[in-house]
Amino acid sequence: MSRREAQGPMPGRYPVTFGEVDLLRDLDRPSGWVVSSGGVPQSYVDLDDPTYLDFEYVQLMALVIDLLDEGPLDAVHVGGCACTLPRYVAATRPGSRQLVAEPDGGLVQLVRDQLRLKSVPRLKVKILDGRSATAGLADGSADLLVLDAFSGAMMPLDLATSEYMGEVARVLRPSGTLLVNIADGKGLAFARRVLATIGGTFRHVAMLAEPGVLRGRRFGNLIAAASPAALPLAGLTRRAAGGLTQARCLHGEELTRFVAGAPPLNDGDPVVVPVPPPAVFG
């Protein structure tokens with residue numbers, strides 16, 4: 001253990017490659033820490049309990065991961081920040097091999113120095129953007145690909161297109177699963193297009209979202225799950241309804257109606273990516 005790790009994290013504002021981030025202590029959990037950028041919370045980690053997931057959308061992603069076939073996973077995470085889900089997978093599925101693609105090298109170094117990143121077993125981090133990292137992966141090499149990449153509060157558009165989904169499909173195994181974190185608000189026009197894009201590539205698609213977000217009443221996160229193989233829909237529906245975060249699982253005809261008429265996204269399309277109103281993060 002380095003001297004820095006022995007001293008423990010230090011709250012404050014830190015320069016990173018793309019601006020600054022704030023490292024904030026959770027006053028309710030002594031080992032809980034938040035990484036925030038521009039007032040937008042980006043990651044929450046509990047250094048003593050990696051199975052504790054504070055953000056509701058991360059709980060929904062973990063719900064899907066828990067329903068995958070038992071055993072270790074070969075997982076790819078596009079978007080890293082404090083590596084909440086990689087820590088969770090390492091704890092709940094020992095022996096998993098994981099790769100994180102995070103373009104902000106300064107942020108990665110901060111998380112290494114302050115938030116015990118080196119303690120996560122069999123985790124490799126590459127300082128790369130999502131498109132470049134995915135292009136370098138072998139065909140059929142991943143059981144799980146998690147797409148949770150944001151620039152501030154916006155999803156990078158180049159990670160939501162048909163061209164990129166084709167690359168993801170190439171990397172996933174025949175039974176592999178894609179998870180995508182989508183942020184949207186009133187009308188959910190962007191989410192519908194992202195779901196249309198995913199559905200144009202993958203045969204099996206489901207979406208998890210809290211009822212208020214699903215109705216467009218408030219800005220929030222929607223989780224898409226997709227696979228070349230059948231998804232565990234019964235388990236997803238049951239656990240989403242009864243979990244810590246109450247959510248609905250849309251699939252089949254319900255999801256078809258949700259997407260209806262939305263065109264897929266392609267490289268070069270002029271699209272306005274939704275930004276949350278300031279009140280969302282206080």
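How many aromatic pairs does the count come to? Three, in what is a predicted model.

**View 1. An aromatic cluster built from ring pairs.** Here we zoom in on Tyr-44, Tyr-52, Phe-55 and Tyr-57, which ring pairs link into a cluster. As for the bookkeeping, a pair of aromatic rings is described by the distance of the centres and the angle of the planes.

**View 2. Arginines over rings.** Tyr-52, part of that cluster, also has the charged end of Arg-29 sitting over its ring, 3.5 Å from the centre. Elsewhere, Arg-192 lies over the face of Phe-258, and here the distance to the ring centre is 4.4 Å.

**View 3. An open sheet of eight strands.** Reading across, the order is S7-S6-S5-S8-S9-S11-S10-S12, with mixed pairing. S7 (123-126) and S12 (248-251) are the edge strands: each has a single partner strand, so one side of each is left without a neighbour in the sheet. From one strand to the next, the twist averages 15°.

**View 4. S10 meets S11.** Strands of a sheet pair through backbone hydrogen bonds, either parallel or antiparallel. For S10 (residues 204-209) and S11 (residues 220-227) it's the antiparallel sense, over six bridges. Look for Ala-206, which stands opposite Ala-225 in S11.

**View 5. Helices against the sheet.** H2 (residues 56-66) packs on the sheet and touches S8 (142-147), S9 (172-184), S10 and S11. Its direction makes about 165° with that of S9. H10 (residues 252-259), meanwhile, lies across S10 and S12, and runs at about 85° to S12.

Key:
Residues numbered from 1 in each chain as written. Predicted model: local features only at pLDDT ≥ 70, side-chain atom pairs only at ≥ 80, totals over all residues. Heavy atoms only, no water. Phe/Tyr/Trp six-rings, centres within 6.5 Å; stacked < 30°, edge-to-face > 60°. Lys NZ or Arg CZ within 6 Å of the ring centre and 35° of its normal. Pairing = 2+ DSSP bridges. Helix = DSSP H or I, 4+ residues; strand = E, 2+ residues; numbered from the N terminus. Axes fitted to C-alpha atoms, helices over the stretch in contact; angles between N-to-C directions. Contact = heavy atoms within 4.5 Å.
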